[in-house]
Amino acid sequence: MLKKPRRKITLLKFADLRVLIVLLVIFFPAFLSCAEKPILALWESRELAPSRLTNVDPDFESADFWASRVAEPRALILTPEEIEALNRSALKSYINLVDIFALPEPLTRSYLQDMIIDLEKLKNGPPGYDHTNHPLTKIFYERIESSMGTLPETLSPQYGIITSRANLRRLPTNEIFLDKPFRNSFDRFQYTLLECGTPAAIFHATKDGAWYLIQVSHTKGWVEASKIATAAKSTILHFARSNPVIVTGARVEVYTDPSLAQHAATLQMGATLPFESRTEAFYRVTLPCRDENGTLKRTTGYIPASDDVHEGPLPFTMKNLYRQAFKLLNHPYGWGDLYEGRDCSRFIMDIYRCFGFNMPRNSLRQSQFNSKYRADIQHLQDSEKIELLKKYDGRPAVLYTPGHIMLFLGVIDGKPYIIHSAWAYNSEPGFFTRETKYVGRVVVSDTSLGQGSKGGSLLKRITAVTPMDEKDKPFP
């Protein structure tokens with residue numbers, strides 16, 4: 001007798017539950033759509049961004065268009081002497097720039113303390129994934145640490161020149177570090193690409209002599225010993241300070257013979273080699289090579305005279321700045337310069353190298369390069385940022401948001417425009433979805449990218465403006 005009422009109550013509860021589910025199905029998506037951001041993203045939509053991004057007119061993808069908006073696009077912004085003074089000032093401002101020829105001798109082991117700490121963080125931190133998409137284990141790091149040997153208490157730097165394109169690595173290994181399996185676009189062991197002709201200070205070698213721990217002007221790291229030729233400090237200094245031929249195109253090939261048949265090296269924008277002479281057919285440059293003992297052997301290299309190179313730095317004008325930037329339009333993105341690409345900070349560095357700037361390799365440090373004139377704007381509202389950016393129109397400036405740096409172009413119809421090397425951005429989400437659009441190249445865009453996403457638009461996230469001139473800041 002008592003079981004029947006209980007059964008009815010149970011059936012009633014079940015019916016109520018079905019009604020509740022139906023109501024949730026009907027009304028919950030509507031509730032989500034009214035929210036500023038999705039409460040629950042059940043699906044991440046991934047697709048390629050359009051070839052021309054939203055709000056970008058065809059004219060905006062032309063250097064001449066932006067130069068035409070400047071009153072005097074051919075006016076010299078800074079002289080070579082003023083640029084060199086900025087470089088010297090930057091060496092004193094703790095932004096990871098080093099004059100390798102002014103390093104004290106000997107150095108103490110503490111100079112490498114940051115790399116020692118970094119290895120410990122890798123060993124004890126969240127696991128990365130290798131090229132097989134398996135976790136990197138402590139055994140892997142212990143094997144690497146063993147191969148490095150014991151760093152001496154004092155370091156007496158030797159000197160060398162990079163002889164072919166080489167990867168500067170976080171550890172002495174070509175193994176990769178992925179944050180997530182099957183996401184091989186970002187190898188966290190990769191620092192940057194070093195080009196033929198890059199001078200370096202050498203601190204230490206692995207036990208087998210296969211890797212050198214080195215310092216270049218903008219960072220420290222490990223490079224394969226087969227990619228560097230050693231010589232006396234005075235020899236390397238003379239090589240580095242010689243009158244240069246500067247690559248002003250996206251990339252240029254160097255040959256070992258005047259008939260241009262035997263390829264020797266590939267150089268990208270901003271790279272330099274010592275100038276020897278010029279004929280109607282080619283430039284002669286000094287090409288660094290290794291002999292059988294790994295020491296420096298200098299030979300003559302040949303670059304076609306028709307190639308995009310310049311003897312000495314380009315005049316620093318707005319017209320030239322825009323031209324250099326747009327030569328790289330649609331160039332592929334590559335974290336740490338992997339896969340023949342450029343990431344955001346390499347894009348900025350390569351452009352400014354053409355004018356003689358010795359830029360840092362890191363986006364934050366680049367935003368601190370001309371610190372005297374840098375404007376911190378993170379507390380401003382979007383409308384206030386736009387008004388401020390109008391005052392930088394026609395000036396050389398970079399915009400910084402944590403983790404990303406962009407070359408400022410100007411403000412049109414109330415929209416700030418930039419050219420930058422971008423990987424991806426999140427667009428405004430829909431029902432239960434988070435949308436990621438992949439760019440993967442150098443593009444022109446406005447700063448609305450990311451609007452409506454969790455992180456907000458680029459404009460909202462911009463925290464600093466750094467001009468590369470010496471005019472007073474339009475902001476206290």
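Which residues form one aromatic cluster with Trp335? I looked this up in a model that is predicted, and I found that Phe186, Tyr333, Trp423 and Tyr438 form the cluster together with Trp335.

**Entry on aromatic pairs.** I noted that a pair of aromatic rings is described by the distance of the centres and the angle of the planes. In this structure I counted 21 aromatic pairs. For Phe65 and Trp66, the ring centres lie 5.0 Å apart and the planes stand at 85°, so I wrote the pair down as edge-to-face. Phe65 is partly exposed at a relative accessible area of 22%, whereas Trp66 is buried at 0%. I then turned to Phe186 and Trp335, whose ring centres are 5.5 Å apart with planes at 55°, so this pair is tilted. The pair links distant parts of the chain, 149 residues apart, with Phe186 in the loop between β5 and β6 and Trp335 in the loop between α7 and α8. I recorded Phe186 as buried, with a relative accessible area of 17%, and Trp335 as partly exposed, with 26%.

**Entry on the cavity.** My search of the whole structure gave 1 cavity of 30 Å³ or more, and the largest cavity has a volume of about 50 Å³. Among the residues that line the largest cavity are Arg165, His331 and Glu340, and the lining divides into 1 nonpolar, 3 polar and 4 charged residues.

Key. Residues numbered from 1 in each chain as written. Predicted model: local features only at pLDDT ≥ 70, side-chain atom pairs only at ≥ 80, totals over all residues. Heavy atoms only, no water. 1 Å grid on protein atoms, 1.4 Å probe; cavity = no way out; pocket = protein on both sides within 12 Å on 5 of 7 lines; lining within 4 Å. Points joined across faces, edges and corners; volume = space filled by probe spheres on them. Nonpolar A, V, L, I, M, F, W, Y, C, P; charged D, E, K, R; others polar. Phe/Tyr/Trp six-rings, centres within 6.5 Å; stacked < 30°, edge-to-face > 60°. Buried < 20%, exposed > 50% of the residue type's maximum accessible area, 1.4 Å probe, protein only. Helix = DSSP H or I, 4+ residues; strand = E, 2+ residues; numbered from the N terminus.
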